[in-house]
Amino acid sequence: MTFIRFSALSRRRLIGGLGAAVLGAAAPPGALPAFAGTSRRPSGRVTALAFDQGALVLAAAGIWTSPDGGANLLPRSQGPGAPVAALAAHPDRPGMLLAATASVGLMRSEDGGSSWHPAAPGLPAAPLDAVAIATHDPLTLYVAVRGDGLWQSNDGGKSWDFAMDRPLVDKVEVDVQALASVGSLSGMGGYWVYAGTAKGASRVPDCFCRWQTLESADAMTTGTAKPAPVDPAPRLPHLSVTSLTLAPSVPEVLFAGLPSGVWRTRDSGSTWKIVNGALTSPLLAVDPLDPNHVVAADAGGTILSSRDGGATWAAPSAA
Amino acid sequence: MKAMILVAAIAAAPMARATDISPETIQQGQALYATNCATCHGASLQGQPDWKRRLANGRMPAPPHDVTGHTWHHSDRDLFNLTKLGVAAVVGDGYESDMPGFGGKLSDEEIRAVLDYIKSTWPARTQEAQAKITAADKAAQP
């Protein structure tokens with residue numbers, strides 16, 4: 001495994017040591033049956049949200065799951081041993097969850113969040129802010145390392161390579177704080193990786209040549225169908241995007257969490273519309289089995305659900 | 001938008017697969033590459049060191065043109081335009097790059113020869129993948 005060199009920029013001095021050293025100090029793996037219990041409200045700040053097949057998974061002082069889209073939350077485990085910044089799941093791998101953590105690297109669960117194990121020896125020992133699993137290949141993983149950039153694994157996390165520096169916004173690199181693999185053809189022999197930052201969203205083809213704006217239709221996005229120009233086009237604000245999510249089966253429809261609420265695009269990011277303003281910087285998840293089922297949660301644990309692709313929202317209720 | 005119009009105005013003649021190119025053309029391209037490109041992209045097409053990380057000026061280093069880079073993910077049209085016009089002109093939107101346009105220095109045929117040489121160094125599988133990207137690009141053009 002090749003590790004990055006830290007001398008070039010001061011930001012890289014934040015990163016040191018071997019990822020394995022930190023990962024080795026992770027919380028002991030194993031299910032925690034005593035933690036499991038009846039439905040109740042999570043204590044602590046909600047930090048991550050994902051759908052594992054049809055089950056909602058929530059990180060907040062432990063891992064919680066809900067079989068009914070958030071109506072009933074069941075404590076699953078004490079979690080991976082550190083605050084979870086992001087969760088990722090893949091519809092082809094039910095039960096597998098990846099957790100990007102602040103201090104124990106990338107953690108993996110193969111049992112829906114009951115037990116957790118180090119998943120990424122070789123990553124820099126720095127906080128991980130986001131994780132995504134490629135929609136076209138569950139062995140391809142992407143992780144955002146704070147102060148550093150995007151790392152990629154093509155073997156399910158056994159080995160990692162630095163893939164791309166961070167997006168440049170107003171001539172300053174910004175951290176990636178949300179990641180989504182988008183299965184639309186990039187025109188460069190692959191697909192897209194979308195990223196949320198403190199200053200809007202960006203995207204890069206998975207050959208990692210260049211970060212681009214979501215609205216770009218430049219010469220290097222060839223081969224993709226572009227939406228008809230809208231003028232004036234409703235753009236995604238250049239504000240903090242803390243969540244980006246989609247159902248793999250509908251890659252042109254994405255949801256983004258911003259301070260102003262839930263935003264939705266139906267054209268891969270060219271144009272956006274705010275569809276719910278009730279929650280501040282919501283975490284978002286789309287049910288891969290039902291692309292119209294969208295769940296939003298704020299840090300305080302308030303959960304809203306949409307069953308019509310974001311048009312209307314309500315507190316989740318058991319079916 | 002300006003860059004887009006500029007790019008669209010250029011008739012990017014189709015480039016053949018490297019296996020269809022004469023040895024003389026590849027030899028010519030190799031010589032031109034050594035003179036015009038190797039300083040940044042490396043004599044062995046290896047790119048600048050640590051090429052995935054920005055330079056201090058915020059620009060990206062010159063990437064490899066061998067199979068470890070992303071050159072082969074670009075269509076023939078993109079490669080031609082990037083070389084002739086430079087990255088900043090093609091991308092637009094104020095994007096900054098150290099890659100200049102070589103249109104004032106190399107003829108279109110010479111640019112194609114350089115690209116043919118680069119492509120000739122790729123494994124057959126990579127050449128095929130790049131040919132598919134080119135075909136998709138052509139199909140998408142109006």
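## The A:R166–A:D175 salt bridge

In this predicted model, the side chains of A:R166 and A:D175 form a salt bridge with an N to O distance of 2.9 Å; the term denotes a side-chain nitrogen of Lys or Arg within 4 Å of a carboxyl oxygen of Asp or Glu. A:R166 is buried, its relative accessible area being 8%, whereas A:D175 is partly exposed at 25%. Buried here means under 20% relative accessible area, exposed over 50%, and partly exposed in between (1.4 Å probe, protein chains only).

A:R166 and A:D175 also belong to a network of salt bridges that includes A:E173 and B:R54. Over all chains, the count is 15 salt bridges.

## Salt bridges in chain B

B:D76 pairs with B:K119 in a salt bridge whose closest N and O atoms are 3.0 Å apart. This pair links distant parts of the chain, 43 residues apart: B:D76 lies in helix 4 (residues 76-85) and B:K119 in helix 6 (residues 108-120) of chain B. Helices are DSSP runs (H or I, at least four residues), numbered from the N terminus. Both B:D76 and B:K119 are buried.

B:E109 and B:R112 form a salt bridge with closest N and O atoms 3.0 Å apart. The two residues are three apart in helix 6 of chain B, and therefore separated by about one helical turn. B:E109 is exposed at 56% relative accessibility, while B:R112 is buried at 10%.

## Basis of the values

Residues are numbered from 1 along each chain as its sequence is written, chains are lettered from A in the order in which they are written, and side-chain values use heavy atoms, without hydrogens and water. Local features need pLDDT of at least 70 and side-chain atom pairs count only at pLDDT 80 or more, while totals for chains, interfaces and linings use all residues.
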